[in-house]
Amino acid sequence: MRVSAPGLKKKGIVLLLLAGLLFPVMADAARIKDLAAIQGIRTNQLTGYGLVVGLNGTGDKNNVLFTRQSLINLLDKMNIDNSVRDIKVKNVASVMVTADILPFARIGDKMDVTVSSMGDAKSLKGGTLLMTPLKGVDGQVYGLAQGSLSLAIPDGTGDRASHLLVARVTNGASVEKEIPFKLNGKRTLVLSLFRPDFTTAKRMAETINASIGEGSAKIIDASALDLNVPDSMWEKNVAEFIADIETLSVIPDTIAKVVINEKTGTIVIGQDVTISSVAVAHGNLSVTIDTAPGNQTQESVMNLEGSSTIGELVRGLNSLGVKPRDLISILQGIKAAGALQAELEIL
């Protein structure tokens, strides 16, 4: 079968790069730690309300009452007497401070914090965050944040081209209270998959049982495995048991999938994507089919044999110089016809 398209130049690999096409490759083994995590061992979110000072007249205006009240309360704690009329807050801004505390974080460990304006400040550039307690969902204080703000302003761009109301403080918070989580003494654990899949879960269980011992892992469902800690490890060496499991390699299984980003013209093709017998007509695209030796029939459609891969289709169209947006339309049409044996996701 020979493919042709009158009026289109063959751009080959150039168009391939512009379209952002990725063709399927054989799946490689991945560590279990990259595919799943022990249930209960996770980051926790912390939030706090604070004040940023030292702004160059870009802070909240006087009509932002909670900023003025917060500043008054702060000065009262420092035994500085000020009336509401005397307070000017143009160099001060109220902010919400957020951070993630890692599992097993110890007192004194550092965390990065994000500082976001709450009032009508114009910019947080050059400001300093005053000491801010960071609380968990239970209302307990787990960290304290303070430090100079850093705004990500790209080189060569002015303030107008940057977002100036959100800033970071690297290592700007310290852990003041640990989140309790005891591993030793646990006889069972639950391993949760990041992407639920029965086949992957089965492979994990088989790998763990072959390495650690039969009965060490049992599938609960597509998203979780039940782990039984060996008698020799549950009392003092549960962390070692988890470490042994995390380093095991498993080949993850995924559904056949094609992801399309219409905004950028990017198409990402997953493994095992195939198409059934289908005929495609699009614009001035035509295909020359060899029906017999020395005999050719010219048609305005493109015929694809059953079980052809989507990669073969895309490579053929790409060699003709078909534009990414036209390629997206063709794939959507093939899916609508029921010939694309894969999930089609449009971003």
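Select Val259 first: Val259 stands opposite Val268, a residue of strand S15. Keep in mind that the model is predicted.

Next, select strand S14, residues 257-261. Four bridges join S14 to S15, and the two strands run antiparallel.

The three strands form an open sheet in the order S15-S14-S23, with mixed pairing. Which strands stand at the edges? Strand S15 (266-269) and strand S23 (343-346) do; each has a single partner strand, so one side of each is left without a neighbour in the sheet. From one strand to the next, the twist averages 15°.

Keep the sheet on display and select helix H6, residues 324-336. Helix H6 lies across S14, S15 and S23, and runs at about 140° to S23.

Move on to helix H2, residues 65-77, and pick out Ile72 within the helix. Is Ile72 buried or exposed? Ile72 counts as buried because its relative accessibility is 8%, and buried means under 20%. Then select Ile87 as well: Ile72 and Ile87 are 15 residues apart along the chain, and their C-alpha atoms are separated by 7.7 Å.

For the last stop, select Tyr49 in strand S4, which covers residues 44-53. Tyr49 is partly exposed, with a relative accessible area of 33%.

Note on methods. Residues numbered from 1 in each chain as written. Predicted model: local features only at pLDDT ≥ 70, side-chain atom pairs only at ≥ 80, totals over all residues. Heavy atoms only, no water. Buried < 20%, exposed > 50% of the residue type's maximum accessible area, 1.4 Å probe, protein only. Pairing = 2+ DSSP bridges. Axes fitted to C-alpha atoms, helices over the stretch in contact; angles between N-to-C directions. Contact = heavy atoms within 4.5 Å.
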